[in-house]
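Please work through the following exercises with the sequence and the structure side by side. Try each task yourself before you read its solution.

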Amino acid sequence: MAVRVTQNMLNSNMLRNLHNSMRNMDKLQHQLASGSKIEKPSDDPVVAARGMFYRSSLMENDQYKRNVDEAKSWMDMTDSTMDEVGNVMKRVKELLIYSGDGAISPDDLKTMGSEIQELKNHLGTLANQQINGKYIFAGTDTNKAPYDLTANGGKGDFVSTNSSPINLEVSQNVFVTSNINAQNIFNFPDNANNMFKVLDNIITELNNGRSAAQFQPGINQQYDKLLAERASLGASVNRVELIAERLNTQEVGITGLLSKNEDADMAKVMTNLKTQESVHSAALGSGARIIQPSLLDFLR
C-alpha cells in the first residue's frame, strides 16, 4: 500500500534537511576558525580520548625534562666545584714538594703553612657549595652544611657522614643520581684522617718550620679519589645528555601525533565548506519549489 505524502511531510523533511545542512556548515566553519577537528568530546569521542592520552604523555614528558634539567644543574655545579677542589689540591701538592727542599728556611715554611691554611679555608667553602639553597656535598642531608667551621676545636672540619644518592626519575622507571659521594673526596680514607685533618697536620708541621713532604702520599691518594669521582660524574653527565635528547625527540613525536589527531586539514575543510555551501544553496532552491502555493495564490 502506497504511503500518502502530504505537504506537511514535504515541509518537515525540507526543514530537517536544511537544518542538517546548516549544522554541517557550522561544524566546518568552526574547524576553519579554530583549526581543530572537534569542539567538544561528544563531537568525536575517539579523537577526544586520544587527545587526552597525548596531553597526559606530554605532561609526563615535561616533568621528566624538568628532572633532567635539575640533574644537569647539580652535575654541572658539582663538576665545576670539583675542578676548583682539584686546583686547591694541586697547589697543596706543589707546596709539599717545595717544602722538602733542604734549602728552604723555616720562615719560608711558615709562609707555606699560612698559604695552605687559606687553601683549607677555601676548600671548606667549596665543601659547602650550594645550588638553589641545597648543599651538593651533603648526600641527602641537603639542608645541613657538611663543613662545620666550629668543628675540630674551631679549626673547621667536614662533619657530614651521609653518602646517600639523590635519585631523579628521568624516564619511566629510569633513575639517575644527581650527586656524587662526597665521602670519597673529603672524608677519605676515614673520618679521623680526612682531607681537612691531613691539611691541619701539614699546617702544624710547616708552622713549626718543618718539612711536610711526608704527607705527599696521603694527598696523592685524596687527589686520585677526586679524579675517580669526577670521571664517574662525567659518565653520568653523558648519560643524562643522551636522555635529554631522547626526551626532546619524544616531545616532538607526541606533539606531532596530537596535531595529527586534533588539527583540522585546513585545505580539506575549505573545500568541504565550499561544497556544503553549494549543497545548502541548492537545498534552499529546491525547498522553495517544494512549498505548495496556497489556494489564494490560484484565486488571484
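**Exercise 1.** Does Asn 187 count as buried or exposed, and why?

*Solution.* Before starting, note that this is a predicted model, in which local features need pLDDT of at least 70 and side-chain atom pairs count only at pLDDT 80 or more, while totals for chains, interfaces and linings use all residues. Residues are numbered from 1 along each chain as its sequence is written, and side-chain values use heavy atoms, with hydrogens and water left out. Now recall the cut-offs: a residue is buried under 20% relative accessible area, exposed over 50% and partly exposed in between, with a 1.4 Å probe and protein chains only. Asn 187 counts as buried because its relative accessibility is 5%.

**Exercise 2.** Locate Asn 187 in the chain, and find which polar contacts its side chain makes.

*Solution.* Helices (H or I, at least four residues) and strands (E, at least two) are DSSP runs numbered from the N terminus. Asn 187 sits in the loop that runs between helix H5 (183-186) and helix H6 (195-207). A polar contact is a pair of N or O atoms within 3.5 Å; within protein, one must be able to donate a hydrogen and the other to accept it, and residues adjacent in sequence count only if both atoms are side-chain atoms. The side chain of Asn 187 reaches the backbone oxygen of Ser 160 at 3.0 Å, and it also makes a polar contact with the side chain of Asn 194, at 2.9 Å.

**Exercise 3.** Which residues is Asn 187 in contact with, leaving aside its neighbours within four places in sequence?

*Solution.* Contact means heavy atoms within 4.5 Å. With those neighbours left aside, Asn 187 is in contact with Phe 158, Ser 160, Ala 182 and Asn 194.

**Exercise 4.** Describe how the rings of Phe 158 and Phe 186 are arranged, and what their pairing ties together.

*Solution.* Rings of Phe, Tyr and Trp (its six-membered ring) pair if their centres lie within 6.5 Å, and planes under 30 degrees apart count as stacked, over 60 as edge-to-face and the rest as tilted. By this rule the count comes to six aromatic pairs. Phe 158 and Phe 186 form a stacked pair, with 5.0 Å from centre to centre and 25° between the planes. Phe 158 lies in strand E4 (residues 157-158) and Phe 186 in helix H5, so the pair ties together parts that are 28 residues apart in sequence. Both Phe 158 and Phe 186 are buried, and ring pairs link Phe 137, Tyr 147, Phe 158, Phe 186 and Phe 196 into a cluster.
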